[in-house]
Amino acid sequence: MRTALITGSSRGIGMEIARELNHAGHKVITVGRSGGSIKFDLMPKGAPEEFVKKLPQIDVLVHVIGGSQGVTDTWASSADWQKVWRLNLGIAHDLNRLLIPSMVKQRWGRVIFISSTAPKLKIGYAPYCSAKGALDAYVGVVSKEISQYGVIMSAVAPGTVYTEGRYFSTLKGRAKKDFLSHYLPIGRLAQAAEVAKVVGFLASDAASYMAGSIVYVDGGAR
């Protein structure tokens with residue numbers, strides 16, 4: 001049985017990925033600030049190093065954790081930008097450098113990021129969008145170093161996903177119609193389970209040639 005670690009998995013996409021991987025037969029470990037099988041804040045300096053001491057061998061690592069950290073101003077301080085970058089990429093890199101070496105040693109592993117369509121569409125808050133753009137570049141470059149050892153790093157870039165309580169779940173009437181007609185040719189929001197199915201594939205043996213791939217699950221977003 002392979003063991004999967006999922007960060008940022010207390011709800012939405014992360015929760016659905018946990019269900020999908022559990023259904024596929026993985027032993028699933030989830031971690032988040034607000035919940036999960038392990039409740040732990042990975043943001044502070046040194047936190048990832050402390051966290052991995054609690055872990056068994058990890059075969060599949062899924063980085064769901066991310067967000068804007070409330071930093072919406074392009075001209076925010078560098079310190080605020082760094083908070084956004086740490087949440088979206090820095091924590092993941094810390095976990096990767098601690099966990100990937102054992103995957104390399106066993107010559108099998110899967111590392112999957114949840115990215116975003118924001119860099120492709122060039123929409124959204126600049127700190128967040130640029131962090132996800134850096135994430136995409138990271139996946140492409142790092143995968144070249146580790147794929148020869150059977151460790152496949154990839155990413156899924158979802159479009160607008162329905163999550164209860166989030167902004168897009170509250171759109172109704174004309175506002176919802178205008179948004180869908182302008183941005184989503186498919187005419188609806190994604191369901192988290194649709195994203196999780198793709199992650200499930202990328203976590204499997206069948207994804208052995210997906211090194212550096214960024215898979216868009218965006219309903220044709222434009």
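1. Gly25 comes after helix H1 and has a positive phi, near 100°. Helices here are DSSP runs of H or I with at least four residues, numbered from the N terminus. The model is predicted, so local features need pLDDT of at least 70 and side-chain atom pairs count only at pLDDT 80 or more, while totals for chains, interfaces and linings use all residues. Residues are numbered from 1 along each chain as its sequence is written, and side-chain values use heavy atoms, leaving out hydrogens and water.

2. H1 itself covers residues 12–23, which is 12 residues. From first C-alpha to last it reaches 17 Å, close to the 16 Å expected at 1.5 Å a residue; the expected span is 1.5 Å times one less than the number of residues. Among the buried residues of H1 are Gly12, Ile17 and Leu21 (buried: under 20% relative accessible area, with a 1.4 Å probe and protein chains only).

3. Rolling a probe the size of a water molecule over the atoms shows where empty space is left. The count is 1 cavity of 30 Å³ or more. A cavity is a set of points, on a 1 Å grid over the protein atoms alone, where a 1.4 Å probe fits but cannot get out; lining residues have an atom within 4 Å of a point. The largest cavity holds about 30 Å³ of space, a volume being the space filled by probe spheres set on the points.

4. Residues lining the largest cavity include His63, Asn88, Phe113 and Leu135. Helix H3 (residues 78–106) gives the largest share of this lining, 5 residues.

5. Gly133 sits in helix H5 (residues 126–146). Gly133 and Ala118 are 15 residues apart in sequence and 8.0 Å apart in space, C-alpha to C-alpha.

Terms used:
Helices (H or I, at least four residues) and strands (E, at least two) are DSSP runs, numbered from the N terminus. Buried means under 20% relative accessible area, exposed over 50%, partly exposed in between (1.4 Å probe, protein chains only). On a 1 Å grid over the protein atoms alone, a cavity is a set of points where a 1.4 Å probe fits but cannot get out, and a pocket is an open set with protein on both sides within 12 Å along at least five of seven lines; lining residues have an atom within 4 Å of a point.
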